[in-house]
Protein chains: 2
Amino acid sequence: MIKKAKARRKAPPAPRKRRAAGHGGRGLSRERIAAVAMALVDRDGLAQFSTRRLGEELGCEAMSIYHHFPSKAHLMDALVDLMLAEAQVAMEPQWDWSERLRRAAHGFRAMALKHPAFFPFFAVHRLNTAAGVAYIDGIIGILRDAGFSNREAAVYFRELGYYLTGAALDETAGYARGPSSAEPVPDETIATNFKHLAAAAPYFQPAHFDATFETGLEILLAGIERSNQRQD
Amino acid sequence: MIKKAKARRKAPPAPRKRRAAGHGGRGLSRERIAAVAMALVDRDGLAQFSTRRLGEELGCEAMSIYHHFPSKAHLMDALVDLMLAEAQVAMEPQWDWSERLRRAAHGFRAMALKHPAFFPFFAVHRLNTAAGVAYIDGIIGILRDAGFSNREAAVYFRELGYYLTGAALDETAGYARGPSSAEPVPDETIATNFKHLAAAAPYFQPAHFDATFETGLEILLAGIERSNQRQD
DNA sequence: GAAGTAGAACTTACACTGTAAGGTTGGAGC
DNA sequence: GCTCCAACCTTACAGTGTAAGTTCTACTTC
């Protein structure tokens, strides 16, 4: 049943691109594919990312990737887990629980800002990968160690998560960063018709991101701390 | 230069689907296209939404949509503005500023929950459509009326927005709703390896969404209120 | 060395996507 | 009867993820 596949070709076989394939060479592997994919997303953005472009970058055909990942979704999972590996939950017991939460929050934000192009994907997907559930479990563990009930831990985990996700999303896909509307409202229109926004506009610049993030985080942590004192 | 276009056809011209085209008929219009598009996204989800599917639903060819919208991005803008039209900022002066913010927050959340399939798109796009800047301007206006400086208004607008976006995103694309990982961690693994998460899992169910949202919102509003008293 | 084998990579093809370019139609205004 | 034009349709193209089938290559085992 072997078809005359070769005979069908118009051009000569084209010498296959060399790859070492040995230990540590340029051969493919889950790790290398994921790392190159992340670099590609970082560089060109999510919208440009495709298996074919990734193949080019890896020096292989697109379909070779499927030998290592059953689908693009599986590859994206690997990128999510790469992200999470960078946002390790602070497990050091020398800090009290609120300081550990603060550090975890900063780690999360740093992770997002390190991969701003990928974060919007991260944000709209459930965190039920291996590294994802481990991450969640770690944060809840901090809250439980602090003496919060399971219900309280779940609630405060969520409220912090809401804030962290929204903040990271705004800094990576929001004002002046993410995909714009097809016909953005011109600045002149804002200046004349939306005085409040125009007046506050300077404070929407990236220079104010850090301070905004910090004060909001402190409001939340203080609110959680207050409820803790009331309980005990 | 008129080609023999007709002669090229294999099948007879196919009687054109009737559309009234008159006032109020089944003819196309920006409004009808946007409304049907939103209904389609609500029903089948963002991933299934395409111009061809929309054309089917409208009873026209995909390309006819382009007579009313220059690109799909423009159409998506219209959907964003449809969403915002449902989340009107509470302008009623009978409420004090914190109550107006609370009502705006509830309006935002209700909007997201009314179109859970579309919200993830909404969340990762800049809000620089016509309705978008008007919305932002309205919220900032509330804060300015309350006596906050431009800087404070920008900061608190953002912090509230972070929370609202994150909350809505989690309720529409998070736990048990949004796109899952390709190979989700099975429940048994969570039960055995991630005790904290397993114990808190019941409180992650939708039944707790309302209460979680409310308490977090109150923490933020109280924090903002406290800073206001300190200032004045 | 030769032969066999299994894994890794490649090739082709298909059903989708958004949309550029141009063709057709029916009705309004003269 | 004529022109004009908005509205809609047709075709085609470059891009996507990926199923299915094919070929190469390194590593055994004689």
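Predicted model: local features only at pLDDT ≥ 70, side-chain atom pairs only at ≥ 80, totals over all residues.
Residues are numbered from 1 along each chain as its sequence is written, chains are lettered from A in the order in which they are written, and side-chain values use heavy atoms, with hydrogens and water left out.

**How the two chains meet**

Contact here means heavy atoms within 4.5 Å, and the interface takes 64 residues from chain A and 64 residues from chain B. The copies meet through the same surface, because 100% of the interface residues of chain A are also interface residues in chain B. Chain A can be laid on chain B with an RMSD of 0.0 Å by a turn of 180° and a shift of 0.0 Å along the axis. The two copies are therefore related as by a two-fold rotation axis. That superposition is by least squares on the C-alpha atoms of residues with pLDDT of at least 70 in both.

Across the interface there are 24 residue pairs in polar contact, both residues at pLDDT 80 or more. Such a contact is a pair of N or O atoms within 3.5 Å; within protein, one must be able to donate a hydrogen and the other to accept it, and residues adjacent in sequence count only if both atoms are side-chain atoms. The helix α8(A) gives the most to the side of chain A that touches chain B, with 16 residues. Helices are DSSP runs (H or I, at least four residues), numbered from the N terminus.

**Salt bridges**

A salt bridge is a side-chain nitrogen of Lys or Arg within 4 Å of a carboxyl oxygen of Asp or Glu.

| Pair | N to O distance |
|---|---|
| A:Arg158 and B:Asp170 | 2.9 Å |
| A:Arg100 and A:Asp145 | 3.8 Å |

The pair within chain A links distant parts of the chain: A:Arg100 sits in helix α5 (residues 97-114) and A:Asp145 in helix α7, 45 residues apart.

**A closer look at A:Asp170**

A:Asp170 lies in helix α8 of chain A. Leaving out residues up to four places away in sequence, A:Asp170 touches A:Tyr175, B:Arg158 and B:Tyr162.

How values were computed. Helix = DSSP H or I, 4+ residues; strand = E, 2+ residues; numbered from the N terminus.
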